[in-house]
Amino acid sequence: MASESDYRIVDVRTYPLVQRLPQPAKTSWGTYEAVSILLVEVETASGICGVGECLARFAPAGYAEVIKAAMPRLIGQDATAITARWKDMRRTLSGRSGGILIEAMSAVDIALWDILGKAANLPIWKLLGGVGKTDVPVYGASIRWGTDSEADSDLDLMRERGLSDMKVKIGRPVDEACRRIARLRERAGDDIRLSADSNWAYSLDEAKRVAAALTDNGYHWFEEPLRPEDEDGYRQLHRRCAVPLAAGESNYTLDQAMPLIRDRTLSVLQPNVTRSGGITETRRMAELAAMHDISYAPHVGMSGIICEVASLHLAAAMPNTLSMECAFAPNRFRDGIADIAPANSRIKDGTVAAPDGPGLGITMNWDLVKEMVA
Ligand SMILES: [Mg+2]
């Protein structure tokens, strides 16, 4: 007979979700019309359940299959021994870590932290230590890489919401990006902090030209100028430009993030908790960055409410948090899918509070979740 303190895992349920975006996202990759994620619900013998999410841009049902394959390693095991469960899931692969497995593990890991918090009756930010405040600075994301009038209306909307920190999407051609960089600086004025994100758009030579424009216009960081595998390119760019470099949303694990942290090529590390192995591994990445005086700025992008809330817990507990990405576009994975409003409607003085309830501190609206199952 199961007792209240029996946290052995009895079931892992998966929910592959798809939505058409109410407002398509425009980046250097093109226009995203639809987006998907996977949610999981982990049930323990005590009756306590935890929820998690992973980034699953395409084929979310494939992620559900990966989790089913890892389930024999989870069922019957202690949900609160999170590091052991993380290692067990990691051993599903015999090769290098990364890709779909680590993304899928992220969902389960977040659910296990939710369970641990509920078992301890503490919010996750407190389990992680906390830094004495739960109001997390946020920046608005993103000013679209679309027409000038789309970019202007994005900037105006975020300014109306009281944000003075925001991110601009840029891409190719380079001349057009440089024009956009200067144009938005002029429109925003000097009191608004602007950063730029190119989502790997450039060659090294192109990135050097864009970096010069960003420096001239007082931009705060240059995000993902090059493809993530080109570590030497990042190093060369860092030596040749003054604007701080940011990256990390395309890294899966600490060992992939480590080289550019260790030599301080990056100034800002931006892991996505629903891709980078969950709270367990993202915490390791943020702490390694802190040891090297590198800031932590959680990536959220087109992810769902669990990603946003898990990021708030981490951001409220890491010593080197700079600001969390706060997406403004309407998104059914965030709007009304849980009993907490999306961060973009909870901004106070440029910050958003991490939830106070046990675990993640949210309850999912399962009817809405089930409506979106692919
Ligand atoms: Mg980005």
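L194 is buried, at a relative accessible area of 0% (buried means under 20%, exposed over 50%, partly exposed in between, with a 1.4 Å probe and protein chains only). This residue is found in strand β6; helices (H or I, at least four residues) and strands (E, at least two) are DSSP runs numbered from the N terminus. Leaving aside residues up to four places away in sequence, L194 touches M166, V168, L184, R185, A188, Y219, H220 and W221, where contact means heavy atoms within 4.5 Å. From F58, 136 residues apart along the chain, L194 is separated by 30 Å between C-alpha atoms.

The model is predicted: local features need pLDDT of at least 70 and side-chain atom pairs count only at pLDDT 80 or more, while totals for chains, interfaces and linings use all residues. Residues are numbered from 1 along each chain as its sequence is written, and side-chain values use heavy atoms, with hydrogens and water left out.

## Magnesium site

The magnesium ion has the protein donors D197 (OD), E223 (OE) and E249 (OE), at 2.0 to 2.2 Å. Donors are N, O and S atoms within 2.8 Å of the metal (3.2 Å for Na, K and Ca); water is not among the atoms, so sites may look incomplete. Along the chain, the donors of the magnesium ion follow the spacing D-x25-E-x25-E. D197 and E249 are both buried.

N199 lies in the loop between β6 and α7 (204-216). Although N199 is not a glycine, its phi is positive, about 45°. N199 is buried, with a relative accessible area of 9%.

## Annotated domain

An unreviewed UniProt entry lists residues 148-244 as "domain: Mandelate racemase/muconate lactonizing enzyme C-terminal". UniProt positions are given in the numbering used here, feature names are shortened, and annotations may be inferred rather than shown by experiment. The span of residues 148-244 is 53% helix and 12% strand, and its end C-alpha atoms lie 26 Å apart.

E281, in helix α10 (residues 278-291), is buried at 5% relative accessible area. A polar atom of the E281 side chain lies 2.8 Å from the backbone nitrogen of L254. Contacts of E281 include W86, T253 and S276.

The whole structure holds 2 cavities of 30 Å³ or more. On a 1 Å grid over the protein atoms alone, a cavity is a set of points where a 1.4 Å probe fits but cannot get out, and lining residues have an atom within 4 Å of a point. The largest cavity has about 120 Å³ of space, a volume being the space filled by probe spheres set on the points, which are joined across faces, edges and corners. Its lining has 13 residues, with P228, A247, N251, Q256 and L260 nearest the centre. Elements giving two or more residues to this lining are α8 (231-240) and α9; α9 supplies the largest share, 3 residues.

## Backbone features and exposed loops

The peptide bond from A141 to S142 is cis, with omega near -15°, and S142 is in strand β4. Another cis peptide bond joins R172 and P173, with omega about 0°; P173 lies in the loop between β5 (165-169) and α6 (174-188).

D349, in the loop between β11 (324-327) and β12 (351-353), is exposed at 82% relative accessibility. Its phi is positive, near 50°, in a residue other than glycine. G132, in the loop between α4 (124-127) and β4 (135-143), is exposed at 81%. G132 and A316 are 184 residues apart in sequence and 8.2 Å apart in space, C-alpha to C-alpha.

Key
A polar contact is a pair of N or O atoms within 3.5 Å; within protein, one must be able to donate a hydrogen and the other to accept it, and residues adjacent in sequence count only if both atoms are side-chain atoms. On a 1 Å grid over the protein atoms alone, a cavity is a set of points where a 1.4 Å probe fits but cannot get out, and a pocket is an open set with protein on both sides within 12 Å along at least five of seven lines; lining residues have an atom within 4 Å of a point.
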